[in-house]
Amino acid sequence: MKWGSLSKLAWRNIWRNKRRTWITIASIAFAVFAAVAMRSVQDGMWDNMMQEVIEMQTGYMQVMKDGYLETPSVNDAFPNEAWIDSLTELENVESMLPRFQSFALAAQDESTRGIMVIGVDPLPEDNMSGLSERIKKGTYWANNDKNGVIIDVNTADYLDLDLQDTLVMISSGFRGANAAGKFVIRAMLELPATSGLGGIVYMPLHEAQYFFRAENRITSSIPILKDVDDVEDTRLAIQNEIDTSTYDVVHWEAMMPELVESRVFDEGGGIIILLILYMLVAFGIFGTLLMMLQERSYEFGILNAVGMKKKFLGIMLWMETMLIGFIGVIVGILITLPIIIWLNVDPVRIGGDMAEAYEQFNVDPLIITSLEPGIFVSQAIIVFLLVSVMALYPFYKIKIMKVIEALRP
Amino acid sequence: MNLLSMAWKNVWRSTTRSLVVIIAIALGVWALIFLMGFTEGMINSYINRTIENQTAHLQIHHSKWKDEHLLKHHFDQSVVESTVEEIEEVQAISHRIISEGMLQAPKSTQGVSIIGTDPEKELKVRKLKESIVEGAYFDTISRLPVIIGKKLADKLQLELKNKVILTFPDTSGSVTSGAFRVNGIYQTNNSQWDQTHVFIRKSDMAGLTGLPDQQVHESAVILDDIEKADTVKSQLQALLPDLRVQTYVQISPDISLFKESLDLNQWIMTVIIMIALIFGIINTMLMAVLERTKELGMLMAIGMNRKRVFGMILWETVLLGVVGMPIGLILGYISVYLGGEYGIDLSQFASGMQEFGLDPVVKLYLSPNVYWEVAIAVVVTALLASIYPSLKATRLNPVEALRKL
């Protein structure tokens, strides 16, 4: 028997009982809808957050002193020398972004607060992290105007400081030098709620180097990539170029293991719910199969008696189940698509109490979806496997079927 | 013969088919109970750890402390002490001096909250001594001891007996520093918190800041029963009108947010699983009706009215649910009970949970009323699922039904 006629038979068979087919399709479509919507929102939200954090804070990787990641210290600042810039000769590296980062105590009248000091190269830094878009008050540095510092709004409020006020900071500088300085506030910026950062003050690189008494030194250098899909390969290429006895190039995942782990944990929880959902749907399909076998046993007997091999009967039943499964997947995806495309183009920001709950876990309360094809493909694969496993039952039933008994009305 | 017993017999005429639906319902309920027990257990442990390690049941502050944690926002502990004595629900109280400051280690520097505490009294309101992983609590005699979090110690490469400089404001308006020795290293469930809070003795802190005797920034209270937090809070607030009394929920608003999101979460899970069940039930019952066309036609022909046919199919559906549900509930109860006794260790998969104050060993717990809610949800689901097949049965035309093979 030809495959073509088998599939034609299967197709006709599933429409012999339209109502039952549609209910089964609906149950699969519902599971696919729930699964695709959930995975898409989870993926979308995490991708968005990760990207925000990467751009704002870490970059895709950083070149730093070996051991600086585990125990960051101002003494690990290293000279910003030519070998760093020569990394731009690598294929995927567009430029190198220098940073000087350490901690200081900011004081104003009676209040004090710990604050992260980040020395940056103003214009290239803005290209990567979009700092200027986060400015709430004042202006970002310009080409010919690189004075003053930019502080985050919360710390400014806490210290009761306004634009043009003076920020006083003390800290320990490079190799035990005393660090103390006064800085004029030129702008204030709002940090993303998800950054998990306390206070931050940005200042031009040379100011930070002067403050920490570390002339021409930096604590890290961030390679700006041409193609961000190629992070690990580029990292390995850089690792080959640098002196790994003293320096290290660190992937962003290693800089934020908690974030990566939270994602795994969060998605794991979602997947467990989906597994349960699919299990219940499988029972529904199984119930349908059982009934179908029962009511069509006479028909199978006839088909077998007139010469259709049991193997082909089994394949036909497998095809029928598979067809129902795939129509279910397609219907499910079709229902989901408009919603997730809409949320992808026009993400919704949650407000109020729910937003705070999200932020507690450093999650940006922005409902955005991912249109990653893998999400759809994986649902199709799950249904395929599910149906294939269940179709073993009719195979078995057909195999042990006694034609004589089946033909008895 | 009444409808119910007829329906019951009908259910068991096709044992396999009924069993498939019953097992699906039982498994669905079981999985649902387990999942909800898991979430609630996780949130419960978060709340308990937060109370034990951070907030206690109540906290008392200067009324302006909330806006600015300034040295000058202090109050007299003896006033609080004498007020609290009158309230019998109060089990323990501890007073603290608190300041934002900077911790300088040989390798690096970090901003921290410095908590000056009375070692004896603190024992009863905070599980600090229990969470010490290296070194000792304040009981060893050492000049200027400090207890720091494990995460901070790792980050700054500090070990026991290492010297650190703590810098914070004093009453004269400038900053003061003291050289402290690491006497103990603690680790709570919340590593972010551990990284930013260090403990020293209250007497040392008072000496360095120059605060007058008896002046403190915070009093933490433990009650004999957590349920009384709100009442005792109002009681204390009335007695101490100049100060601000807060419950653990007010201090840590994420607790109430967690509780709310828990309800929402359980609701969504229930709805998803019930919808998945409904399709299976409808399909099965519909087939049960259609394959019995002749029989139903016969029943109607001999005088069973449509209402009773409707009722019979409805009963059959509900019975499927009523048989499956208790099995699921019992399995669910057993797994939540066992999971609560032994706990589920997730530390292999998610050490990052600690970052946010979640215990890596989850002890399952489910409020008793949730079992009832699930039971009701299953019955409602069965009723909803029965409508379509039952209507289908009543619409059969007896004459035509009888004619069919």
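The legends below describe several views of a predicted model with chains A and B.

Residues are numbered from 1 along each chain as its sequence is written, while chains are lettered from A and ligands numbered from 1 in the order in which they are written. Because the model is predicted, local features need pLDDT of at least 70 and side-chain atom pairs count only at pLDDT 80 or more, whereas totals for chains, interfaces and linings use all residues; side-chain values use heavy atoms, with hydrogens and water left out.

**View 1. Overall form of chain A.** Chain A contains 15 helices and 14 strands; helices (H or I, at least four residues) and strands (E, at least two) are DSSP runs, numbered from the N terminus. Its radius of gyration is 31 Å, well over the 22 Å that the globule rule gives for 409 residues, so chain A is more spread out than a compact globule. The radius is taken over C-alpha atoms, and the globule rule is 2.2 Å times the number of residues to the power 0.38. Along the principal axes, the C-alpha atoms of chain A fill a box of roughly 100 × 50 × 35 Å. Of the 409 residues in chain A, 53% are buried; buried means under 20% relative accessible area, exposed over 50%, and partly exposed in between (1.4 Å probe, protein chains only). Among contacts in chain A between residues at least 6 apart in sequence, 78% join residues at least 24 apart, where contact means heavy atoms within 4.5 Å. Chain A exposes about 18,500 Å², with 57% of this supplied by carbon and sulfur atoms. Accessible areas come from the Shrake-Rupley method with a 1.4 Å probe, and for residues only the protein chains shown count as cover.

**View 2. Overall form of chain B.** Chain B has 14 helices and 14 strands. Its radius of gyration is 31 Å, while a compact globule of 405 residues would have one near 22 Å. The box filled by the C-alpha atoms of chain B, taken along the principal axes, is roughly 105 × 45 × 30 Å. Buried residues account for 57% of the 405 residues of chain B. Of the contacts in chain B with a separation of 6 or more, 77% are between residues 24 or more positions apart. The accessible surface of chain B is about 17,700 Å², and carbon and sulfur atoms hold 58% of it.

**View 3. Helix 2 of chain A against helix 10 of chain B.** The axes of helix 2 (residues 18-58) of chain A and helix 10 (residues 254-290) of chain B come within 10 Å and cross at roughly 170°. Axes are lines fitted to C-alpha atoms, for helices over the stretch in contact, and angles run from 0 to 180 degrees between N-to-C directions. The two helices are therefore roughly antiparallel to each other; angles under 35 degrees count as roughly parallel, over 145 as roughly antiparallel, 65 to 115 as roughly perpendicular and the rest as oblique.

**View 4. Surroundings of B:Phe180.** B:Phe180 is in strand 8 (residues 175-186) of chain B and counts as buried, at 0% relative accessibility. Leaving aside neighbours within four places in sequence, its contacts include B:Leu144, B:Val164, B:Ile200 and B:Leu208. From B:Phe180 to B:Val362, 182 residues apart in sequence, the C-alpha distance is 37 Å.

View 5. Most residues other than glycine have a negative phi. B:Gln157 has a positive phi of about 55°, and B:Gln214 has one of about 75°. B:Gln157 lies in the loop between helix 5 (150-156) and strand 7 (163-169) of chain B and is partly exposed at 45% relative accessibility. B:Gln214 is in the loop between helix 7 (202-209) and strand 10 (215-216) of chain B, and is partly exposed at 33%.

**View 6. B:Thr394 in helix 13 of chain B.** B:Thr394 belongs to helix 13 (residues 368-394) of chain B and is buried, with a relative accessible area of 10%. Not counting residues up to four places away in sequence, B:Thr394 touches B:Arg306, B:Val309 and B:Phe310. B:Pro169 is 225 residues from B:Thr394 in sequence and 83 Å away in space, C-alpha to C-alpha.
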